[in-house]
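Trainee: Let us go through this model by question and answer. Please show it first.

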Amino acid sequence: PYMPRLKDAFIKDLYDYYSYQSPGQKINTEAIKSRLKVAGDKVVGQGKIRKVLIQAAFQRSAGRN
């Protein structure tokens, strides 16, 4: 039952995180996992999420194709 709210919280947090990143900056998966854990705790409750797993991450070039 939490999935729609959890996905929304994750997407909002990722947009916020990446809005402050410089183009071409490396992906910091540990920082992202920590942020998503905090966002998830706010939605489902403290201590219910143990870890956040990032299965894949990719980086696009900053220029237009």
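Trainee: What percentage of the 65 residues of the protein chain count as buried?
Mentor: First, the ground rules. This is a predicted model, with local features needing pLDDT of at least 70, side-chain atom pairs counted only at pLDDT 80 or more, and totals for chains, interfaces and linings using all residues. Residues are numbered from 1 along each chain as its sequence is written, and side-chain values use heavy atoms, with hydrogens and water left out. Buried means under 20% relative accessible area, exposed over 50%, and partly exposed in between, with a 1.4 Å probe and protein chains only; the buried share here is 20%.

Trainee: How many helices and strands are in the protein chain?
Mentor: Both are DSSP runs numbered from the N terminus: helices are H or I with at least four residues, strands are E with at least two. The C-alpha trace spans about 40 × 20 × 20 Å along its principal axes. The count is 2 helices and 0 strands.

Trainee: How far does α1 reach from its first C-alpha to its last?
Mentor: Helix α1 covers residues 3-19, 17 residues in total. The expected span of a helix is 1.5 Å times one less than its number of residues. For α1 that expectation is 24 Å, and the reach is close to it, at 24 Å.

Trainee: And what is the reach of α2 from its first C-alpha to its last?
Mentor: α2 runs over 29-44 and has 16 residues. Glycine 45 follows α2, with a positive phi near 115°. The reach of α2 is close to the expected 22 Å, at 22 Å.

Trainee: Which residues of α1 are buried, and why are they on the same side?
Mentor: The buried residues of α1 are Leu6, Ala9, Asp13 and Tyr17. They lie on the same side of α1 because they cover an arc of only 65° around the axis. That arc is taken from the directions from the helix axis to the C-beta atoms. The face turned away carries the exposed residues Pro4, Lys7, Lys12, Tyr15 and Ser19.

Trainee: Which helix do the buried residues of α2 pack against?
Mentor: In α2, the buried set is Ile32, Leu36, Ala39, Gly40, Asp41, Val43 and Val44. Contact means heavy atoms within 4.5 Å. What covers the buried residues of α1 includes α2, and the buried residues of α2 pack against α1.

Trainee: Is aspartate 13 buried or exposed?
Mentor: Aspartate 13 is found in helix α1. Leaving out residues up to four places away in sequence, aspartate 13 touches Arg35, Leu36 and Ala39. Its relative accessibility is 16%, so aspartate 13 counts as buried.

Trainee: Which residues does alanine 39 touch, not counting residues up to four places away in sequence?
Mentor: Alanine 39 is one of the buried residues of α2. It is also one of the residues of the largest nonpolar core. Its contacts are Ala9, Phe10 and Asp13.

Trainee: Is arginine 50 buried or exposed?
Mentor: Arginine 50 is found in the segment after α2. Its C-alpha is 8.0 Å from that of lysine 37, 13 residues away in sequence. With a relative accessible area of 77%, arginine 50 is exposed.

Trainee: Which residues are the closest to the centre of the largest pocket?
Mentor: About 670 Å³ of space lies in this pocket. α1 and α2 each supply at least two residues of its lining. Of the 22 lining residues, the closest to the centre are Tyr18, Ile27, Phe58, Gln59 and Arg60.

Trainee: How are pocket, lining and volume defined here?
Mentor: On a 1 Å grid over the protein atoms alone, a pocket is an open set of points where a 1.4 Å probe fits, with protein on both sides within 12 Å along at least five of seven lines. Lining residues have an atom within 4 Å of a point. Points are joined across faces, edges and corners, and the volume is the space filled by probe spheres set on the points.

Notes. A nonpolar core is a set of buried Ala, Val, Leu, Ile, Met, Phe, Trp, Tyr and Cys residues joined through side-chain atoms within 4.5 Å.
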